[in-house]
Amino acid sequence: MTALFGIEARHLARSPLLWLAFALAAALAALEMSWFLPALAGDDLLAYTSGGLLLSGGALLAGAWLGLRDRVTGAADLVAVTPTAPWRLQRARLGSVAVVAAGVFSVGFAAALAVSVVRGGRGTPDLRLLADGALAVVLGGWVGLAVGRLTGSRMVAVLAAPVWVVVCFLSVAGPSLRGISLSVQHLTPVLNPQDHSAAYGLLPDPLWPHLGYLLGLIGLVGVLLLALASRGSSQRVPLRPLLVAAVAGLVLVGAGGAKLLALPDDVLVLGPDRATWRPVQGESDPQAEALFADPGWSFPADDQARACAGDAALSVCVYPAYGQRLAQDMHAAIAPVAQLFTGLPGAPTLVRMVPVGMGNCRDAEAQVPEAWVRERTDRGDQQTRSFYRGVYLDCALGLHPGGSEHLTQAGEAVQLWVLLASGDMDRQQLQQLTQHAVPEPVPSPVAIAALAMAELPTEQVRAELAPVWKRLRAGTLPLAELPGQRP
Amino acid sequence: MITTLALARFRLRPVRWGWLAVLAAGWFLLTELLAAVPRDPQLGVMVVRWAALLLGLGGVVLAASETDPPRDLLRAAPVPRWRTLALRLAGWLALGALAVLTLAVRLDGTAGWTAADLVRGMLPNLLLATAAGFLAANLTSVLGGGAAAMAAIVGLDTAGRAWPAGFPVQLRSVPGAPHWQASRVWMVGLSLALVAVALLLEARAGTRVGLPRRRRPTARPSPASQARARP
């Protein structure tokens, strides 16, 4: 039996169907990972979601081939007359599919984490994702085996794989499905969590019930296949273990499924205390959006952003999973701007990563949402640096980052002066902004005021800004009272 | 006429056109049902377009070696081998296109997509999946062809997402997008090239690459459990 197990495992491990899916999953995972900053606690999820679904489809095809093989090769009659019980043969096949499918997923998962480490990812990966993904791929393989055996049709086997993936995809899109308030998206073999934080994990966290749910499904499919194998044979599979396995499977599916359905679509982390976390059902939560847009709201101190870089004027702290290098990069981008505001009241001295929000200001702290930093799909390096500076500048100038309000003309002039004085922009670029800027050109008086400030020594501008700074932040300072405007 | 019909249906075994017609009709019904499920109509259109790729997989059965198992017998046939495949392909494309056109008319106006746009969004998908499956199945088997066609689709989609500006085939492109028209043309061109290669290989029977070589008979028979089957 061990020999048969080994032979089947070797056959399956050489299956081009499985490795084709592996290659595609690897390509997709690499693409997805390239869109995000590296972090082990995050890339594990990308490897799971990108690889899990495709590998599950590939395993289904490979399993279907195994299920069809005896019939295709004409060996079915031969197998039927072997002295070994058919259910034992089936058990060996199920075992080989499970080992190979789980092994392939594990190899992909480990490779993704290795790439993440090389790219600078830090933190602790969630190994439950490895277990969950491996179980999902095993389930795909066993379902394929069942499809191949039950239908005996190559065409059905071919169509089963994409249908499996499409059904999973549609279930994943659960929150946007019509007329369904239950979280059916959690019932898909491969989860696709919408929200994840390197510090707070999956939001919500469906992994433990999902593991039980998948185990139950695998148990039920296994029982079905063993029962099918012994059908028509004098050597029946022992009934008691089969019944125990079936009941255990039903219990796990029922309990896990009920728990998964009861989970909210999303969870908003409004503070380190779990009691403040708010479940969200559906695509959005208007109350949460209103809360984040409130300039008075900020994320409380949580001591999670512990990877810091900085100097006397400014510190930048991010979650350790992103590494100190990110903190250093952010600091390097913001420091030239922060130096110009040192000592001015309300100017942030700390930039801190937080899990939610639209970028908030809290005393001398600028908060930057994790998702904004991590996802850098279409941002170049220059745009990324400008983005970091923008978060800081908004807080320094009294604006709510990400909010709908605009700077006054005086505020805009000071912002342009900062960009000129820090070397982020030259005069020619400023001239261009007065003509072609998006969404609208910079008004000429603002540009003239910024240029006049840039003509003065930096220390003089800072000294003259100090007495009017509060009015500038409050939006009540006219352009004419800026440094360099008075004759 | 009789010869054409006979060629489309038979070489050594009949092609089950009845089942393929059921497949196309079932695809139409199921896709129309699924398109109505998402709350966002754009997602519904996306489902429809991906479903067209799925429909194309039906083409693998036309060219796979399992459909005409003892191919060596066909070498002596008086009719060129490629002609049968070409006729079968034409028949399948007509069947698939009919389902696509009907669905496009039914979904006219969904998420701002006109029936013409839907046809332009779906037909090249159907053609591409059919052509990729047709070629791969001709070289391997039904399962191998289906897997290769799906891999080609996922690969093209991944490449399109990786290089949104530079890669010519953008499966997710929408009307009005910069690559919409060019992408459609590329997909049709690629599909025709794949079909041409498949027919050429069929015409030059015996020189196909990728077919497993026959093993020499060995003195020691291998165990039945190690019997090889092409996926």
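Before we set off, some bookkeeping: residues are numbered from 1 along each chain as its sequence is written, while chains are lettered from A and ligands numbered from 1 in the order in which they are written. Because the model is predicted, local features need pLDDT of at least 70 and side-chain atom pairs count only at pLDDT 80 or more, whereas totals for chains, interfaces and linings use all residues.

Let's begin with chain B, which has 8 helices and 0 strands. Helices (H or I, at least four residues) and strands (E, at least two) are DSSP runs here, numbered from the N terminus. Its pattern along the sequence is accordingly α-α-α-α-α-α-α-α. Chain B holds 231 residues, and 39% of them count as buried. A residue is buried if 20 or more other C-beta atoms lie within 10 Å of its own, exposed if 12 or fewer, and partly exposed in between, with C-beta atoms placed from the backbone. Among the contacts in chain B with a separation of 6 or more, 70% link residues 24 or more positions apart; two residues are in contact if their C-beta atoms, placed from the backbone, lie within 7 Å.

Now look at where the chains meet: 29 residues of chain B are in contact with 32 residues of chain A. On the chain B side, helix H3 (41-56), helix H4 (60-63) and helix H7 (142-162) each supply at least two residues. The largest share, 11 residues, comes from H7(B). By class, this side of chain B divides into 20 nonpolar, 5 polar and 4 charged residues. Ala, Val, Leu, Ile, Met, Phe, Trp, Tyr, Cys and Pro count as nonpolar, Asp, Glu, Lys and Arg as charged, and the others, Gly among them, as polar.

Chain A is divided into domain 1 (2-268), domain 2 (286-397) and domain 3 (406-487), with bounds from an automatic or database domain assignment. The centres of domain 2 and domain 3 of chain A, taken over C-alpha atoms, are 23 Å apart. Between these two domains of chain A, 8 residues of domain 2 are in contact with 15 residues of domain 3. Helix H11 (residues 323-341) of chain A gives the most to the domain 2 side, with 3 residues. That side has 7 nonpolar, 1 polar and no charged residues.

Next comes helix H14 (residues 409-421) of chain A, whose 13 residues should span 18 Å at 1.5 Å a residue; its end C-alpha atoms are 18 Å apart, which agrees. The expected span is 1.5 Å times one less than the number of residues. Because 10 of its 13 residues are buried, H14(A) is largely enclosed by the rest of the structure. The buried residues include A:Gln415 and A:Trp417. Just after H14(A), A:Gly423 takes a positive phi of about 85 degrees.

Finally, some backbone details. Most residues other than glycine have a negative phi, and most peptide bonds are trans. A cis peptide bond, with omega about -5 degrees, joins A:Leu203 and A:Pro204; A:Pro204 lies in the loop between strand S2 (201-202) and helix H8 (207-229) of chain A. A:Asp303 is not a glycine, yet has a positive phi of about 60 degrees. With 8 other C-beta atoms within 10 Å, A:Asp303 is exposed.
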